[in-house]
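Subject: Structure handover

Hello,

I am passing on the structure below, followed by notes on what was found in it. Please keep it open while you read.

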Amino acid sequence: MFFAVIVAAGKGERMNVAVPKQYLPLLDKPIIAHTIEAFERSPLIQEIVVVIHPDHEDIFVKRVLEQFCFKKFRKYVFGGDTRQESVYRGLEVLRERKKDFVFIHDGVRPFVTESIIERCAERVQETEAVCCAIPCVDTVKFSEDGNTIEKTLDRRKIWRAQTPQVFRVSLILEAMEKAFQDGFYGTDDSSLVERLGKKVALVLGAENNIKITTPFDFIRAEEILRWEKRI
Ligand code: CTP
Ligand code: MG
């Protein structure tokens, strides 16, 4: 079975607006509602856990839960100070589902598609761990100090990680617990599994599967809606 943990407990500081970005309206509903609906639409997903910031409980209940009828929404839990802690709090809800699989997804990536979800679900059953990513289109430079270039990396070997990242529940719990023990904080979930020496499969994401991070991303989000002919 496949579960989803959607993390939306961040403060959205880079967006620089009063309302936390995950609750900003995009077209007809808050960003987080688009994201939940994307997982609702996939017949593969059984249940959805949403991780929110305790200060946002009111806004989540009033602007999201009470406005939309989600059939697979199971519960919400409060996140922590880092994304990693927030993911862990969501995973704790699934502790009894060790043999099943969990999609970990950013609440601010509303354009995840059914085909991305399908590709991940298919691959994770062979590999236990997948990371959605897209090939890098830019030439990538490596610099130790940010002043001079040490080398040019081989672009064909560089992938930009996205979410969803999908794991067997037992594996990601083990990886997370080890990371916390070691005081390691990764910028994604896959890196914690990589540290165990376990191979993580790459699954093609999509250029449109953007993470809404800065005000400019709102413009991109509207362009994507236009591209998808939703506006
Ligand atoms: N997130 C979370 N708990 C945290 C930090 C982040 O659940 N302590 C979530 C965010 O809500 C978001 C996702 O992780 O859905 C990706 O994080 P990011 O884009 O960095 O969002 P924020 O941390 O909210 O934004 P910023 O870093 O600009 O403050
Ligand atoms: Mg952040």
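The notes below go through the sheet, one of its strands, the cores, a helix and the cysteines.

This is a predicted model, in which local features need pLDDT of at least 70, side-chain atom pairs count only at pLDDT 80 or more, and totals for chains, interfaces and linings use all residues. Residues are numbered from 1 along each chain as its sequence is written, chains are lettered from A and ligands numbered from 1 in the order in which they are written, and side-chain values use heavy atoms, with hydrogens and water left out.

The sheet

Seven strands form an open sheet with mixed pairing, in the order E5-E4-E1-E6-E10-E7-E11. Helices (H or I, at least four residues) and strands (E, at least two) are DSSP runs, numbered from the N terminus, and two strands pair if DSSP finds at least two bridges between them. Strand E5 (73–78) and strand E11 (201–204) stand at the edges with a single partner strand each, so one side of each has no neighbour in the sheet. On average, neighbouring strands are turned by 30° against each other, direction ignored. Helix H2 (residues 57–65) lies across E4 and E5 and runs at about 160° to E5. Axes here are lines fitted to C-alpha atoms, for helices over the stretch in contact (heavy atoms within 4.5 Å), and angles run from 0 to 180 degrees between N-to-C directions.

Strand E1

Strand E1 (residues 2–8) pairs in the parallel sense with strand E4 (residues 45–52) over seven bridges, and with E6, also in the parallel sense, over six bridges. Phe3 stands opposite Glu47 in E4, and its bridge partner in E6 is Val102. Val5 has Val49 as its bridge partner in E4. Seven of the seven residues of E1 are buried, so the strand is largely enclosed by the rest of the structure. Buried means under 20% relative accessible area, exposed over 50%, and partly exposed in between (1.4 Å probe, protein chains only). Phe2, Ala4, Ile6 and Ala8 lie on one side of E1, with Phe3, Val5 and Val7 on the other.

The cores

A nonpolar core is a set of buried Ala, Val, Leu, Ile, Met, Phe, Trp, Tyr and Cys residues joined through side-chain atoms within 4.5 Å. The largest has 32 residues, of which Ile36, Phe39 and Phe103 touch the most other members. Elements that each supply at least two of its residues include E1, helix H1 (31–41) and helix H4 (114–127). Beyond its neighbours within four places in sequence, Phe39 is in contact with residues including Ala4, Ile6, Phe103 and Ile117. A second, separate core of 25 residues includes Val5, Val49, Val93 and Ile172.

Helix H5

Helix H5 (residues 169–182) has 14 residues and reaches 20 Å from its first C-alpha to its last. This is close to the 20 Å expected at 1.5 Å a residue, taken as 1.5 Å times one less than the number of residues. Its buried residues include Leu171, Ile172 and Met176, and among the elements covering them are helix H3 (83–92) and strand E10 (159–168). Just after H5, Gly183 takes a positive phi of about 70°.

The cysteines

The structure holds zero disulfides (pairs of cysteine sulfur atoms within 2.5 Å). The sulfur of Cys131 is 7.1 Å from its closest cysteine sulfur, in Cys132, too far for a bond. For Cys136 the closest is in Cys131, at 14 Å, also too far. Cys131 is buried at 7% relative accessible area, and Cys136 counts as buried at 13%.

Regards
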